[in-house]
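Here is a friendly briefing to read alongside your structure. Have the viewer open as you go.

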Amino acid sequence: MDKILRVDMGAEGGPKFKTEPVGEFAGLGGRAMTSAIISKEVHPLCHPLGAENKLVIAPGSLSGTSASMSGRISVGCKSPLTGGIKESNAGGQAAQVLARLGYAAIVLEGKPEGDDLYKIFISKDGVEVSVDNSLKNLPNYPLIEKLKGQYNDRAAYMTIGTAGEMKLLAASIACTDPEKRPTRHCGRGGTGAVMGAKRVKAIILDDTGMKMREPKDPEKFRNANRRFVEGLRKHPITGEGLPAYGTNVLTNVLNEAGAYPTHNFRTGRFENAANISGEVQAELEVKRGGIATHGCHRGCVIQCSGVYVDKDGKYVTKQPEYETVWAHGGNCGIDDLDVIARLDFLDDNFGVDTMDTGAAVGVAMEAGLIPFGDGAGAIRLVEEIGKGTPLGRILGCGAEVTGKVFGVERVPVVKGQAMAAYDPRSVMGIGVTYATTTQGADHTAGYSVGPNVLKSGGDLDPLKPEGQVEMSRNLQIATAAVDSTGMCLFIAFPLLDQPETFQALLDMIGAFHGITLTGDDVTALGKSILKMEREFNTRAGFTKHHDRLPRFFLKEPIPPHNVTFQVTDEDLDKVFNW
Amino acid sequence: MRITVKLFATFRKCRFDVKVREVPPGTTVSDVVEEMRLPGSIGIIFVNSRHADPSHELSDGDTLAVFPLVGGG
């Protein structure tokens, strides 16, 4: 990973590319790389869909090595959804393949004139940028089917569906999984719209002939990786719960906690939650001949994914994640896993974020377009996105736009991005993260749900404001660092609970670079990333007043606990004081 | 007195999802949990949707929910 590929899509006479040494960005990976390039090179006041914006794709610093769990890829840009800096990451095969090809980053710059659509093919032999208008208007699944026949079986794909071509604000970038299904998405913040604005439909990565990246100290590295994997396997969350039930194991937990946002954040409990729980989902998958335990990328030892099939055993979609099951399920009053799986497939196929899309449907229900609980109606609405009708384009721009167009006050967004499956009134720590992260409402930016609800990584009462700011701060710092390694964020559960597993990760990173790494180094990296991102957002016009939840969270108590969000504005302003 | 016990994830195997039980006054969470001989350690305990300690004394009509350590997101 010693080079950066820059593709100027707006060059005179057609796209031009150059490969340059990694230079000042040496040693950075994932989110550290994307945010460093965006904050240094993108004008903060540029239009996100204009030529001045850049799309940066970066594998994690450990991606492409034999380190387990190192398959996350980061995509960065100025977000068309939030107007601020964006890092959206996903699993799938892309990170490992891109890293083995030696690229620390791909930077898509400029914007071509005209309607031509491009694909970019990267292999050991170099880079090809070519026009392929036969790909126009193809959703992700048929797009991959068409491309698969043209490239080596080892290739990984990063693509946009129709939503990205239409530059919808919730458009995602799909990454293929080991079976070459476009199921792992950089979903948040409209990165797909930026790729669409640059007229790039597909990036094909083929690492044939390339080897795994070699650590400086191979023996130490192997030893640390072994201890790291042992730690993941012995922890109940990563060793048992996630493999058996997937992320959707959380439905029953959050519902029992009274923190499961239902009917567009009107109540914290969904009476039919049991029907869409991870326990029921896994049982159904196994009974029908699907798969309940599956890795989204090679080298994953947690295996929290799965394959959802219909009653005839036919593939529908990958196992819908907890956040998706919530967004399209309880949030919309829908309790039918088949309906939710169909919606998950449609989201992946058109290439939109399942969270912002589900939240947009919930807001549309609040507006009275269809009633809460109307599964067939929800499918019709999401199909509108694929058709590109005016209604579909509105929904495909996410919850905030939908709320504005239909005159809805209860719109669960911060900085234009929809919240996830945790009500910030009954999980106040996640409310602090939603409000203050640089990313717009984003549960993964500092997963306070762990200590607040799951009692992992600490223990802090979710219904009280005390201590939430400090906890969110520490988690945001740690997360920014983990997001830079290419490591799946789920390693955080054993990392925070088992000091020896955290040490194993430090040793592994250290052995790779031939250095000794400490916890303080990790903290310093996390802080430096957050600082860059905060400064970009400040220059883009964000103030402390953007670090706030919508007012209804402060005014409307949510049952069953009948609480409002109680962390004060003054305390929210202290999150980044360290 | 009468309480409702709910089990989740791996704790359900060979047991139950939800059961209403008669218990004597003064019964604690840990009394109920120990009797069930759940495999592995207890992760999360809710009594009426609030986190509770094993020493928490139950009251008539309470709902007790017991989870192993689980996570996702």
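Where in chain A does A:R410 lie? A:R410 sits in the loop between α15 (398-406) and β16 (413-414) of chain A; helices (H or I, at least four residues) and strands (E, at least two) are DSSP runs numbered from the N terminus. This is a predicted model, in which local features need pLDDT of at least 70 and side-chain atom pairs count only at pLDDT 80 or more, while totals for chains, interfaces and linings use all residues. Residues are numbered from 1 along each chain as its sequence is written, chains are lettered from A and ligands numbered from 1 in the order in which they are written, and side-chain values use heavy atoms, with hydrogens and water left out.

**Around A:R410**

- A:R410 counts as buried because its relative accessibility is 10% (buried is under 20% relative accessible area, exposed over 50%, partly exposed in between, with a 1.4 Å probe and protein chains only).
- The side chains of A:R410 and A:E556 are joined by a polar contact of 2.7 Å (a pair of N or O atoms within 3.5 Å; within protein, one must be able to donate a hydrogen and the other to accept it, and residues adjacent in sequence count only if both atoms are side-chain atoms).
- Leaving out residues up to four places away in sequence, A:R410 touches several others, among them A:N264, A:F265, A:R266 and A:F552; contact means heavy atoms within 4.5 Å.

**Where chain B meets chain A**

- In this interface, 19 residues of chain B are in contact with 29 residues of chain A.
- The two chains bury about 2,000 Å² between them, 62% of it on carbon and sulfur atoms (the accessible area, 1.4 Å probe, that two parts lose on being put together, summed over both).
- On the chain B side, B:S49, B:L69 and B:G73 lose the most area to chain A, together 29% of what that side buries.
- The rule finds one salt bridge across the interface (a side-chain nitrogen of Lys or Arg within 4 Å of a carboxyl oxygen of Asp or Glu).
- A:E256 forms a salt bridge with B:K6, and their closest N and O atoms are 2.8 Å apart.

**Nonpolar cores**

- The largest nonpolar core has 122 residues, and A:F228, A:V253, A:L254, A:Y422 and A:M487 have the most contacts inside it (a core is a set of buried Ala, Val, Leu, Ile, Met, Phe, Trp, Tyr and Cys residues joined through side-chain atoms within 4.5 Å).
- Helix α11 (residues 337-350) of chain A gives the most to this core, with eight residues.
- A second, separate core of 32 residues includes A:M9, A:L55, A:C175 and A:I203.
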